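Hi,

Here is the model I promised to pass on.

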Amino acid sequence: MIKLNDLTRQNKALKSEFAEVLFSAIDGGAFILRDYVTTLESNVQSYLKAHGEVIGINSGTDGLLLSLYGAGLKPGDEVIVPSRTYIASVAAIIHLKLIPRFIDIADDLNLDSELLEREVCESTKAIMPVHLSGHACDMSSISRIAQKYGLKIIEDAAPAFGCMYGGQHVGTHGDFGVFSLHPLKVFGVLGDGGLLVAKSLDANSLRLFRDHGHPQPKSEENFRTFGVNSRLDNIQAGFACVKLRLIDEWIARRRSIAEFYSRALIDSSVGSQMLKHLENMKEKSIFFDTFSSFVLCIDSPENFSSFMIDDQVSKVRVSIETARDFPRPINSHPNLQKELSDSAPKYLEKTEYFARRAVKVPIYPELEDSEVEDIAEKMKAYFGQSD
Ligand SMILES: Cc1ncc(COP(=O)(O)O)c(C=O)c1O
């Protein structure tokens, strides 16, 4: 079977380099923050060409919490956020007693920037664009509205490391940018981890906050503030340093697989959607996608998934794992209603439309060419017979 994700392949190839990192940390007794973290922070800052500083933290979720805290938002302030996102984006807002103001998405499955201005009200203090699936949000419109109304921008770029808008990396457009280093991300480590991009002034206080108010070098009695433990492990940072060297190669491979799938499907009814993907992939395009997921919108995703997993239904005798992509929008999720304000919309038209249709297929750099061909061929067979 071709699995939707396969973490063993990439990590197997890097085992000896990981071992070097591990042994060097053991020999140096250096496990939390320390030199791999500092190196990673500075290497990522150069990679992203970020004006702000990069801070190693323990997860993307904490990066969002720290950003909202750093933005100085007060309980009751509203943050505009799409509800087609991972729960962490909204959880960070809720935990700080802020109010998520859910906005519908556009056809590219990200926040619809044309709806933004009408969502801004007196309590709105920030926008949280989410660059889902490694596709950038329309950052020029978002920045224009933010500037006009004095709103902070907290970019949830958790799944979008390496993705760009207008030639500039996502995560570096707003006041704060957050990346997840979860193992399944395009740039993931061997456990939890995250990176936060913040302007220098905020970065100083966030570095303190990340480590219970300790300044560096550390002194037990010298707390500067009440903070949290959101430190990045030195070993994970070392693994990330190994992987950063290969990230461009992996992104290029993801983009070429996406292009191969898109070309295979160009004659099908999902062709127009695919054309958009191809447009996005042109070198000089505004959008530089990294395809953390390859998402199709299909009227009957269950039929598609059954077809793909069944190795007897087409001449491609291979079982291919697929999965629904964000099938339950946060705003209408039944289990979350109690914690959302009554004014939260229960129905967002496009968000619901795509939640019923979005399905993802395997896309990772370690797929063999023959597997990519099988996946493309089997999708083509499905669209040749239905949808
Ligand atoms: C859009 C989005 N935001 C935030 C997160 C949270 O990141 P982490 O798992 O590192 O806490 C994720 C992780 O999947 C995500 O996809």
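Two bits of housekeeping first. This is a predicted model, so to speak of local features I needed pLDDT of at least 70, and side-chain atom pairs count only at pLDDT 80 or more, while totals for chains, interfaces and linings use all residues. Residue numbers start from 1 along each chain as its sequence is written.

The chain has 14 helices and 13 strands (DSSP runs, H or I of at least four residues for helices and E of at least two for strands, numbered from the N terminus). Its radius of gyration is 21 Å, close to the 21 Å that the globule rule gives for 387 residues, so the chain is as compact as a globular protein of that length (taken over C-alpha atoms; the rule is 2.2 Å times the number of residues to the power 0.38). Along the principal axes, the C-alpha trace spans about 70 × 55 × 40 Å. Buried residues make up 46% of the 387 (buried is 20 or more other C-beta atoms within 10 Å of a residue's own, exposed is 12 or fewer, partly exposed is in between, with C-beta atoms placed from the backbone).

Now the domains. Domain 1 covers 7–103 + 111–244 and domain 2 covers 247–382, with bounds from an automatic or database domain assignment. Their centres, over C-alpha atoms, are 25 Å apart. Where they touch, domain 1 gives 27 residues and domain 2 gives 25 (contact means C-beta atoms, placed from the backbone, within 7 Å). On the domain 1 side, two or more residues each come from helix H1 (7–13), H5, strand E3 (99–103), strand E6 (164–165) and helix H9 (234–244). That side has 15 nonpolar, 8 polar and 4 charged residues (Ala, Val, Leu, Ile, Met, Phe, Trp, Tyr, Cys and Pro are nonpolar, Asp, Glu, Lys and Arg charged, and the others, Gly among them, polar).

Next, the ligand. There are 15 residues around it, and Ser-59, Gly-60, Thr-61, Ala-158 and Ser-180 come nearest (near means a C-beta atom, placed from the backbone, within 6 Å). Helix H4 (60–70) and helix H5 (87–95) each supply at least two residues of this shell. By class, the shell splits into 5 nonpolar, 8 polar and 2 charged.

Lastly, Asn-303 sits in helix H12 (residues 301–309). Asn-303 counts as partly exposed because it has 13 C-beta neighbours inside 10 Å.

Cheers

Conventions. Contact = placed C-beta atoms within 7 Å.
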